Amino acid sequence: MKNPVERLRDALLAGHPERAALVYTPHNRRYLTEFPSSDGALLVTNEGSYLLQDSRYVEAAGAEAKYCEVLPFTALTESLVELIKKSGVKEVLLEVGKLAYSVADKFRREFEAVGVNVVLDTTLDNQLIAMRQIKSPEEIKKMEDAQAITDATFTHILGMLKEGVTEREIAIEIEFHMRKLGAECNAFDPIVVFGPNSSKPHGVPGDRKLQPGDFVTMDTGARKAGYNSDMTRTVAYGYATDDMKKLYNKVLEAHMAVIDACKPGVKCCDMDKVARDIIDAEYPGLFGHGLGHGVGFEIHEWPRFSRLDETLTEVGMVITDEPGIYVPGKYGVRIEDMLLITEDGCRTLTGSPKELIIV
Ligand code: ZN
Ligand code: ZN
């Protein structure tokens, strides 16, 4: 397979000798060059690919960045203008999805001042989305490594669930343990909610103390080599009532039905419907969020298992399967795995058990 810079060039620059793509946002820069930095830009032309980095990064980038030549800068826009003039570029594609208006406007004004046409539409964004949503075997391996940390942390944390421990204490232990196991950071701030707080899908861990009969929902993930993992498990502490078990098993039924139905060539919105129909039949209106989202360099990527996304699934996509039922003021359950779409269906990247665990 060609490297990502070559694929970007083939898709957008071939046949347009004077066109270039300017990749500015950190995730996309890192995706193309495998080098992380908080600032800089990557200019891809038909002849070359140039990663501009300031003095904080230039030495490391020279040693580690792939598929590009590293150039130093002190004033980014000035250096880009110089490079564009030297390369004979007459048209530059910019990202628009996550580029601040002030930055896009500065690039536009300065490039147009030297006679360069600036394309501010979704051409570049759409190409990067299309590339990033199909994971290579190397990317999948990195995501499995990230998930292995998340699975090990879940096992570790089950032993910490004791009466009186707070949500905040468990969240801190998750963060610490993931780092200890080699995560570069947590993929996001862990969600740890007990008892009635578990009805809030994105509740913030606070001072609630664990009590028998509580559901404990933990939505956590580690990041490794830039790639995120994302998993939710709900366990019960002490005991679970029949109503709690019934609710849990309904979420599990919806989650498993998606795994059974998921394969290449299905509409993402239809996967959402598989889970939603099962839950709505018995718990109408209590599953408010979408079924899942792509994961990779960002914790929420394309495509989405949502009512609105008609994208067809393809081999290599990694999308979460995370149905939930939330009873306000009472409790909630969510079960989340990352599913890799394969030739003959899908494979979960998540290793933790799914049957209701009563700690
Ligand atoms: Zn999650
Ligand atoms: Zn998720």
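## Helix H4

Helix H4 is followed by Gly-88, a residue whose phi is positive, near 75°; helices here (H or I, at least four residues) and strands (E, at least two) are DSSP runs, numbered from the N terminus. This is a predicted model, in which local features need pLDDT of at least 70 and side-chain atom pairs count only at pLDDT 80 or more, while totals for chains, interfaces and linings use all residues. Residues are numbered from 1 along each chain as its sequence is written, chains are lettered from A and ligands numbered from 1 in the order in which they are written, and side-chain values use heavy atoms, with hydrogens and water left out.

H4 covers residues 76–87, and its 12 residues reach 16 Å from the first C-alpha to the last, close to the 16 Å expected at 1.5 Å a residue, where the expected span is 1.5 Å times one less than the number of residues. Among its buried residues are Leu-76, Leu-80 and Ile-84, buried meaning under 20% relative accessible area (exposed is over 50%, partly exposed in between; 1.4 Å probe, protein chains only). The buried residues of H4 pack against E1, E2, E3, strand E4 (69–72), E5 and helix H5 (101–112), contact being heavy atoms within 4.5 Å.

## Helix H1

In helix H1 (residues 4–12), the buried residues are Pro-4, Val-5, Leu-8, Arg-9 and Leu-12. Seen down the axis of H1, they fall within an arc of 140°, so they line one face of the helix; the arc is that of the directions from the helix axis to the C-beta atoms. What covers them includes strand E1 (19–23), helix H2 (26–33) and helix H6 (123–132).

## Thr-153 in helix H7

Thr-153 is found in helix H7 (residues 137–158), where it is buried, with a relative accessible area of 2%. Leaving aside neighbours within four places in sequence, Thr-153 is in contact with Ile-174, His-177, Met-178 and Leu-181.

## The zinc site

The zinc ion (ligand 2) is coordinated by Asp-230 (OD), His-293 (NE2), Glu-322 (OE) and Glu-336 (OE), at 2.0 to 2.2 Å; donors are N, O and S atoms within 2.8 Å of the metal (3.2 Å for Na, K and Ca), and water is not among the atoms, so sites may look incomplete.

Asp-230 bridges this zinc ion and the zinc ion (ligand 1), which lie 3.0 Å apart. Asp-230, in the loop between strand E11 (227–228) and strand E12 (231–237), and Glu-336, in the loop between strand E17 (331–334) and strand E18 (337–342), are 106 residues apart and link distant parts of the chain. Both Asp-230 and Glu-336 are buried.
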